[in-house]
Amino acid sequence: MAVGASSVTVPPDPGRGPGSAHEEEGGEARGSRTAAWTTGLALLPLGLLAAAAWLGRYVRPSADEWCFLPVVRDEGISGLVGRFYFTDNGRVGNGLLVGLYAKFPVAGHQWYGLVSGALVLGLLWALTAALLRRAGQRVPRGVPLLVAAMITAVFLFATPNTYKTFYWPAASVSHTLAPVLACAAAIPLLRSRGRRGRIAALVVVVLAGVFMGTLSEEASVVALVVLCGVVLFAGRLFTERARAFARGWCLAGMAGVAAGTLLLVTSPGSRNRRERFGAETTSMLAPESLIASLRGYVRILETVLTTWQYAGAVAAGVLLGLLASRRPGPRGRRVLLPCRPLLLTGLGAAAFLVSGYLCTVITYPVFGPRVVTAARTWNDYLLLYVLLLVAAGAFLGRALRLRGAATGAVTGLAAALCAVTVLGLAAPLYELGHDMRVRAQKWDRQDRWLRERAAEGARVLPYTPVSVSGMLEPFSANGTRIWPAQCVADYYRLDRVTRGTRLP
């Protein structure tokens with residue numbers, strides 16, 4: 001999104017010299033009008049996010065959370081972190097975030113969408129503003145919020161399964177929040193001033209890297225690919241005065257990720273997980289696994305590249321490119337070399353394609369052919385895809401502005417596409433909200449019945465699976481899939497649950 005370019009020169013009115021008070025007043029008026037309509041346009045994706053957060057009140061525990069909740073209830077957050085490290089998967093960072101919402105059973109699930117959505121939006125907003133400022137760009141007030149809101153809306157709701165991306169906390173902390181937190185680690189770097197600021201940026205990126213390594217293997221892969229690319233091409237991106245520190249910051253982040261990943265893969269929980277899925281005997285680097293992963297990745301790309309709602313990210317970028325102008329100031333303080341759209345877009349595309357394939361490679365031993373339908377695992381690199389689309393759109397808008405094209409028509413078209421995208425995302429969200437509401441009513445009715453019977457002394461009770469958006473429940477697949485039945489029994493303090501055929 002570094003759209004470095006000089007601003008468009010506005011011709012003075014007849015009889016007015018350059019720099020006259022009349023021209024300055026006209027520029028201020030245009031800036032105020034632009035800030036007003038961009039802020040108004042931002043209300044559309046913000047409204048979509050608000051509606052999605054409101055629907056979060058219909059979220060109820062399912063799948064893995066049946067197993068997390070009894071552990072946190074009986075042993076606290078530290079107990080869940082310990083279970084992750086020693087038994088489940090080794091992801092101690094993941095266990096910490098899961099424990100934070102599981103500490104408040106059903107309420108934690110209901111509030112998760114609001115909290116995580118606000119966090120994603122806030123971090124992307126701060127990142128957009130910091131990146132524009134560091135790139136020496138000035139934009140009307142409201143543009144950074146519009147861009148961040150469109151990125152957030154497209155990232156969260158353009159996926160094949162919004163429930164597992166946004167509403168399922170167990171998946172969200174691993175594959176939705178993780179890449180956003182990785183991006184947020186760059187904010188201290190972008191805002192750093194002086195020696196203390198640079199030291200703080202180094203400390204933050206190391207700690208963030210360690211945490212990321214214990215939170216999400218896929219997000220760690222994406223971070224390593226991006227950081228490695230910056231190290232290799234720093235000479236084409238940064239000025240000489242900033243090049244050495246940029247490389248050092250990236251290497252510090254890579255070291256942090258490596259340390260966190262080492263902590264994860266050497267844990268007893270990670271070994272148990274590999275044995276459970278047969279990954280200890282199947283090498284992800286075997287030729288047949290690499291070829292199968294490539295086939296799966298191609299099918300994933302077919303889905304992603306044909307999802308038209310991602311065009312909203314391009315439209316937001318076009319608006320950014322059209323409305324940005326160079327911030328006045330000495331060029332000697334710049335840290336980025338003059339904008340090279342083709343180079344930057346090519347590097348971004350390469351990073352997306354490489355990191356996406358590597359993420360598919362490391363998940364294939366666990367999911368097998370189902371990696372094509374496990375859309376939640378795509379999000380670790382789909383955020384990079386959305387950011388790439390915004391950057392490409394910004395370069396396009398910049399080119400049109402510099403060529404003196406009819407930017408008014410292009411601005412209107414881009415704004416309309418943003419609005420259409422939001423509407424296109426709202427329809428499936430409404431349908432999902434209906435399904436969630438129906439499931440919540442059934443879940444609550446069965447929950448009350450199970451609690452009442454357990455309080456009366458029952459030790460074995462029937463449980464009828466109540467699912468939404470393909471979420472796993474006990475006795476699903478016509479009763480052939482038992483998991484997580486024992487976790488449900490533990491949640492209600494029963495000895496076991498049996499398969500129920502109808503709700504109480």
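Colleague: How far is the sulfur of Cys 228 from the closest cysteine sulfur?
Modeller: This is a predicted model, and in it the closest cysteine sulfur to that of Cys 228 belongs to Cys 250, at 9.4 Å, which is too far for a bond. Cys 250 is accordingly in no disulfide.

Colleague: And Cys 250, buried or exposed?
Modeller: Cys 250 has 3% relative accessibility and so counts as buried, whereas Cys 228, at 32%, counts as partly exposed.

Colleague: How many disulfides does a search of the whole structure find, then?
Modeller: The search finds 1 disulfide, and it joins Cys 67 to Cys 487 with an S to S distance of 1.9 Å. The two partners come from distant parts of the chain, 420 residues apart, with Cys 67 in helix H2 (residues 65–88) and Cys 487 in helix H19 (residues 485–491).

Colleague: Which hand does the disulfide of Cys 67 and Cys 487 have, and why?
Modeller: The disulfide is right-handed, because the torsion about its S-S bond is about 90°.

Colleague: Switching topic, what span does H18 reach from its first C-alpha to its last?
Modeller: Helix H18, residues 407–455, has 49 residues and reaches 69 Å between those two atoms, close to the 72 Å expected at 1.5 Å a residue.

Colleague: What happens just after H18?
Modeller: Just after that helix, Gly 457 takes a positive phi of about 110°.

Methods:
Residues numbered from 1 in each chain as written. Predicted model: local features only at pLDDT ≥ 70, side-chain atom pairs only at ≥ 80, totals over all residues. Heavy atoms only, no water. Helix = DSSP H or I, 4+ residues; strand = E, 2+ residues; numbered from the N terminus. Expected span 1.5 Å × (residues − 1). Disulfide = S-S within 2.5 Å. Buried < 20%, exposed > 50% of the residue type's maximum accessible area, 1.4 Å probe, protein only.
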